[in-house]
Amino acid sequence: MNTPNTSGSSLESQAAKFEVDISSRYRTDSIFKTLTWLAISIALLVLATLIVDVLFDGLPFVNWDFLTNFPSRKPERAGLLSALAGTIWVMVTVAVIAFPLGVGAGIFLEEFAEDNWFTRAIEININNLAGVPSIIYGLLGLQVFVRVFGPNGWFYELTLAIKESVYQLLVEAFGNNSMLLQWVYGLLTDADGQITGVDITGGRSIITGGLTLALLVLPIVIVSTRESLRAVPDSLRLAGFALGATRWQVVRDQIMPMAFPGVLTGTILALSRAIGETAPLITIGALTFISFLPENLQSPFTVLPIQIYNWVSRPQKDFHDLAAGGIIVLLVVLLVMNSTAVLLRNKLQKRF
Amino acid sequence: MNSEPTRNDSLWQPDRQASRTSEAIVRTIFGAFALVSVLTTIGIVGTLIFEMFEFFQEVPFWNFLTDDQWTPLFPTAEFGIFVLISATARTSTIAVAIALPLGLFAAIFLSEYAGPKTRQIVKPLLEVLAGIPSVVFGYFALLFVTPLLQSFIPILQGFNALSAGLVLGISITPLVASLSEDAIFAVPRSLRDGAYALGATKREAIVSVVLPAALSGIVSSIILAVSRAIGETMIVTLAAGQNPSLGLNPFVPIMTMTAFIVQVSLGDTPAGSLAYKTIFAVGMTLFLLTLVLNIFSFWFVRRFREKYD
């Protein structure tokens, strides 16, 4: 691209600029090197300061009671129990949804799909999704999972209308007292004998949060699955085909076992991203103060980062220190997850 | 002794039809899974456009662009989106002013100066920094950086763009560093050797040969960092405040686009209310800004990448 400039006058002016004094050039070099060293040191120093600051403020608060108490208006009695439980519920939901979806999509794109416009469109789409701010996923969850599929939402109204018209049709066709009608009526009604629509998510619930975060981390799972599959050499696939196995048999019995450590590592890293997410869950309306444990997927919930946010945003110093305690717990959970991922990567991954 | 294998049809026979069926089933299911990502995009764009449309039924587009106040929750509501954009611009500009030199120099250090041992320690530490949840950075900005800065800058208020921007900058530094390092790493050795052969010192080789060769990757990493800074939520919500103000002053409380969405979401906002529609209009603005930046970044790499083979 850069064609050398050959005109004589320019060469001369370049030559005039040439600094012969090598010792001053080396001095500039060492300053430059110091600057690069300084940059990395500043970044790591901030990391160290952050961790020391959090430990200093929060460590006195981290004890068994802190983990097993509900949040409270009195800082000395406040704990993390509901946030911890909520985080575990949401994370299990995310894993159950994102793992099969992401791995399946990754296998499809890497092993099954032909290289055509459709596949390329999906790839570009996944790249773009990875760059969408997380709070936008919160807006998606709010509209789709809370409003459309939630209580009294569009889907509720639709199913209600369908059920009512089915009931009306049966009444007209078979009369009011037939056995069939009694049986269908039992199927259509809730415990109170009312015909109701179907409320899938229960509104601002664990399943809503889990679905929202699952969509958020899906690109990470897909990309890491594809990378792990790509690392398995083609010779193994060809050997499988030569023995008469179908593509799916090769993937299931030969390729996936090889790629699995990488897939698992990617999934754990995706979950560790999800566990620290605050903004999308606030947007879908997760509660900030909750003093009961979730009972099912449709229960309201809070998670660790939201509890921390709640404590930080209060004016009293004691709550700030509680927040630091919560941060310590969150960071320990993250540390455990990430080191598991690294260990898995190092122990199980085969080199080809 | 007859070693000749006798032909026996009861031996293994492939059930080709079953194979074909299961193959087709798996292919369909996994293809449907891949479509979920497309559905997600459609869901995001559809949701934002639908609610934004509703919003502009009530608020004229012209007011959205030209009002100089942002008071959607007050009785005399005004909807000047540039009040929020000016706040996002303040925190993002400060953040990039921090992340650009730190990330770029860190990338140069890692790829050019650090030995393998140092790399082995420093790279995972940068990954740790990248993995710190944003609410933790928010805590740090509000309760450590702001008090620290206030001892130097007395006029600095408790909530301000400066400390939010500084910490935001630190939080996106690993992104700039790792993407720029990839770009620098991809520059072939022969180019460096050529520079040395012409008598360049190490710094001269880096500044005048390696960095220009890696420029497309570096620029795209910075654009992605800007996009990340614009969409960041918890740091700016916690440390920069919830007080819409137009202007460029980094010392006063401000409200970014993301902080507004959080503020409305924390209250109980019924669907169909104007406030509910407003967060989607703000979300659409945010989405468009980051989308344009992301596309620009991809385009830039493709357009200006130097290929060495």
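With a relative accessibility of 56%, Asn152(A) counts as exposed in this predicted model, since the cut-off for that label is anything over 50%. The residue sits in the loop that links α6 (134–148) to α7 (154–174) of chain A. Its backbone is worth a look too: phi of Asn152(A) is near 60°, a positive value in a residue that isn't glycine. For context, most residues other than glycine have a negative phi.

Moving on to helix α4 of chain A, residues 81–112, the picture is one of burial. Of its 32 residues, 23 are buried, so α4(A) is largely enclosed by the rest of the structure. From first C-alpha to last, the helix reaches 45 Å, close to the 46 Å expected at 1.5 Å a residue.

Helix α2 of chain A (residues 22–58) meets helix α8 of chain B (residues 202–213) at an angle of about 70°, the two axes lying 8 Å apart. Angles from 65 to 115 degrees count as roughly perpendicular, so that is how α2(A) stands to α8(B). On the α2(A) side, the contact is made by Arg25(A), Thr28(A), Asp29(A) and Phe32(A). On the α8(B) side, Lys202(B), Arg203(B), Glu204(B), Ile206(B) and Val207(B) take part.

Definitions and conventions. Residues are numbered from 1 along each chain as its sequence is written. Chains are lettered from A and ligands numbered from 1 in the order in which they are written. This is a predicted model: local features need pLDDT of at least 70, side-chain atom pairs count only at pLDDT 80 or more; totals for chains, interfaces and linings use all residues. Side-chain values use heavy atoms; hydrogens and water are left out. Axes are lines fitted to C-alpha atoms, for helices over the stretch in contact, and angles run from 0 to 180 degrees between N-to-C directions. Helices (H or I, at least four residues) and strands (E, at least two) are DSSP runs, numbered from the N terminus. Angles under 35 degrees count as roughly parallel, over 145 as roughly antiparallel, 65 to 115 as roughly perpendicular and the rest as oblique. Contact means heavy atoms within 4.5 Å. The expected span of a helix is 1.5 Å times one less than its number of residues. Buried means under 20% relative accessible area, exposed over 50%, partly exposed in between (1.4 Å probe, protein chains only).
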